Structures are given as C-alpha cells and as structure tokens.
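Here is a set of questions and answers about how terms are applied to a protein model.

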Amino acid sequence: MASSSGATCSAAFLMLLLACSYSASALPFSAAGHPFDPTCPRKAPSAPSLFTDYSGPLCRPSPPHIPVAVFPYDVDPIQFALNLEFTEAEFFLHGAFGVGLDEVAPELALGGPPPIGARKANLDVVTWRIIAEFGLEEVGHLRAIERTVGGIPRPLIDLSAHNFARVMDMAFGYHLDPPFDPYIDSINFMLASYVIPYLGINGYVGANTIIDGYKSKRLVAGLLGVEAGQDAVIRGLLFERLGETVPPYNITVAEFTDRVSALRNRLGRCGVKDEGLTVPRELGAEGAICTNVLSADRDSLSYPRTPAELLRILYLTGDEHVPGGFFPKGANGRIARELLCPPHRLN
C-alpha cells in the first residue's frame, strides 16, 4: 500500500513538473504516470464507425502450423533483444521528454540501473513528435517481450554525449572538434539515432531463423515491422538533408552515415551488412542506383546479424567478449553474459 501511494505521489509530482514546463517539446503526464498529448481530440469516434458497419468480429487468426506458443529455445534470443530495446527506449524518451523508463514505466526496468548521461535534446517540433512517438513505442516493445518470454534487468547503458562523440571519432578516424554532441540539435540527434535502431532490424532478422513458437514468431515479426519503420523514418529524414554540411563540421550528412555504417561493418567483422545513404551503383537496388534510402542486400532484403556481431558493435571493441561502449558492464541475458570474459560473467 505504501509503495502504491508513493508511486501515485511520484507520478503526480512529475505531472505537475512537466505540466508547468510544457511547451511544444514536452508532453504533460497523466495521474497514472503516462505521457499524453493535449493536442489530441478529447474523444475520438469509435474505431468501427470510422471504417465499416459489421455484425460481429470476423478476425480469427489462422491456426498455427506448430501449436506451441513459445519454445524454450526461443527465450534467450528474444530476451537478448531487450538490450537494444532498453537502449532505444531510454535514448528516445530522454531525448523527447527528459525522463526515461524510471518515470514512464519503472516496472519494465526490472531493477536495472538508470542510463548514464541521457538528457533532453534540443529538437524542432517535427523531430520532437517523431522521437516522442518512437520512445513510447519502445515502451510497448519492452512490455510485449517481457509478457511473452519474460524479462531481464535493464543493463547499465552509456548514452552520454561523450560516448556518442567516441562513436563518431572512431567512424572518422580522428577527433571531431568540438566533440560530437547528440543532444545539441535535431540533426545531431537524428545522426545519433542512425547509430543504434538499425541494429535492432539486424537482430530480429537473424533471430527469426532460430525461433519456432507461433507467439515468438508473431512477436518478432511485429517488432521487426516497427523497428524497420523507425529506421526508415530516420534514414528518410537524413536523406532529405543528404548534401548538407553538419555544423560546425565541414562534413555532409551523407558522409556521417557512410562512415557510421563502415564502422559498424568493421566492428561486426562479418562483411558488409550495413550501408549509408549513398553507395556505389553496383551496390544499389538492382545495381542501378547509387542513392540508398534503405540498407539492404543485392536482393533488397534486410541483413541479419548474430548476437555476437551486435555486441562487437555495441561494445565498440570489435570483440563480443570485451564490454564497453554502450554497455560498460556488458549486456544482460544468458547469451550476452556467457560471451563475456570470465571477470565479467554472472554466476
């Protein structure tokens, strides 16, 4: 009872705090602790009345070929994805709202530590609306995964400007001056957003081949669809500014994306599974175009990556056994913890 009362007081305080500072770049929170958009209509028409008149539900799902919801071997690869979902949720929520899971949905963190260095970004109105939606979508992803296969504690995640500066320095092979700061404006935040979400697509494409339960497959397909949509929006917005230089650097948006993709390929150590917004014509769709709004292989299919490849990139070490980068103490879940060097392993 005391816990419930404390949570209510905390949510009410947060609502008051955000309501007092509300602007085009901040949503107030409801008494239940959830962000809400005051520009939405107070009461929308019911969904059925918007589309068709019908006499009853006719949307029964097709029966599964394998009538097992979740196989035991489905659990670990899907739980591994929580590491990326936690990272995206915290980055987008903090970037849009200035707060993360600990305020929006603390139960989903399962006791894991708060992220390092995440903060509110200076976003224009359109970019803010997109990032706010992405952040709230990631909350749903975490809930869906934890409900289907169980959860893992949120790992320690480094979302500091210093860590993103390190990524960009590694991508260019020298120190950018001043150091890259993802939170300073919309273009920097979108370039930083280019760094992580695409890896979620790689992970889900790779995981799909090693899971079999019908609920597991449905979950991964649903997650993949939205993650791919988020990446497409990020790439599309950056593509509109392809030839612009990013101040104060004399570097174009296209070169930033090309360098980040090359870095991920280098760290992943498994060939080309990543492409920036421009490519040689032979690598473009059907070998006929050099623009590259979406990253895909020669048949325009998404690239898969294994957990080991993803960790090499996220740790920024090129070694799945050596943590660092976005996960200073390593990612969580059985797959990630078993790959760590002995001093970092969990019993």
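## Pockets, cavities and pairs

The lining of the largest pocket divides into 13 nonpolar, 6 polar and 4 charged residues. The model is a predicted one.

Q: Which residues of the lining of the largest pocket are closest to its centre, and which element gives the largest share?
A: Of the 23 lining residues, the closest to the centre are Leu-294, Ser-295, Ala-296, Ser-300 and Ser-302, and the pocket holds about 290 Å³ of space. Two elements give two or more residues to this lining, α8 (197-208) and α9 (214-240), and the largest share, 4 residues, comes from α9.

Q: What makes the lining of the largest cavity nonpolar or charged, residue by residue?
A: The lining consists of Val-167, Val-195, Leu-199, Val-260, Leu-263, Arg-264, Ile-313, Leu-314, Leu-316 and Phe-326. Val, Leu, Ile and Phe count as nonpolar and Arg as charged, and the division is therefore 9 nonpolar, no polar and 1 charged. The cavity has a volume of about 60 Å³, and the search of the whole structure finds 1 cavity of 30 Å³ or more.

Q: Which elements give two or more residues to the lining of the largest cavity?
A: They are α10 (253-268) and α11 (307-314), and α10 gives the largest share, 3 residues.

Q: Why is the pair of Tyr-315 and Phe-327 called edge-to-face?
A: The ring centres lie 6.5 Å apart and the planes stand at 80°; rings pair if their centres lie within 6.5 Å, and planes over 60 degrees apart count as edge-to-face, so the name applies. Tyr-315 and Phe-327 both lie in the loop between α11 and α12 (334-339), so the pair ties together parts that are 12 residues apart in sequence.

Q: How do you know whether Tyr-315 and Phe-327 are buried or exposed?
A: Buried means under 20% relative accessible area. Tyr-315 has 0% and is therefore buried, and Phe-327, at 0%, counts as buried as well.

Q: What makes the contact of Arg-154 and Asp-102 a salt bridge?
A: The N to O distance between the two side chains is 2.9 Å, and a salt bridge needs a side-chain nitrogen of Lys or Arg within 4 Å of a carboxyl oxygen of Asp or Glu, so the contact qualifies. Arg-154 is in the loop between α5 (125-149) and α6 (161-172) and Asp-102 in helix α4 (residues 101-104), so the pair links distant parts of the chain, 52 residues apart.

Q: Why do Arg-154 and Asp-102 receive the labels they do for accessibility?
A: Arg-154 has a relative accessible area of 2%, under the 20% limit, and is therefore buried. Asp-102 has 34%, which lies between 20% and 50%, so Asp-102 is partly exposed.

Q: How do you know that Arg-259 forms a salt bridge with Glu-255, and where do they lie?
A: Their closest N and O atoms are 3.4 Å apart, within the 4 Å limit, so the pair counts as a salt bridge. Arg-259 and Glu-255 are 4 residues apart in helix α10, which means that about one helical turn separates them. Arg-259 is partly exposed at 30% relative accessible area, and Glu-255, at 30%, also counts as partly exposed.

Definitions and conventions. Residues are numbered from 1 along each chain as its sequence is written. This is a predicted model: local features need pLDDT of at least 70, side-chain atom pairs count only at pLDDT 80 or more; totals for chains, interfaces and linings use all residues. Side-chain values use heavy atoms; hydrogens and water are left out. On a 1 Å grid over the protein atoms alone, a cavity is a set of points where a 1.4 Å probe fits but cannot get out, and a pocket is an open set with protein on both sides within 12 Å along at least five of seven lines; lining residues have an atom within 4 Å of a point. Grid points are joined across faces, edges and corners, and a volume is the space filled by probe spheres set on the points. Rings of Phe, Tyr and Trp (its six-membered ring) pair if their centres lie within 6.5 Å; planes under 30 degrees apart count as stacked, over 60 as edge-to-face and the rest as tilted. Buried means under 20% relative accessible area, exposed over 50%, partly exposed in between (1.4 Å probe, protein chains only).
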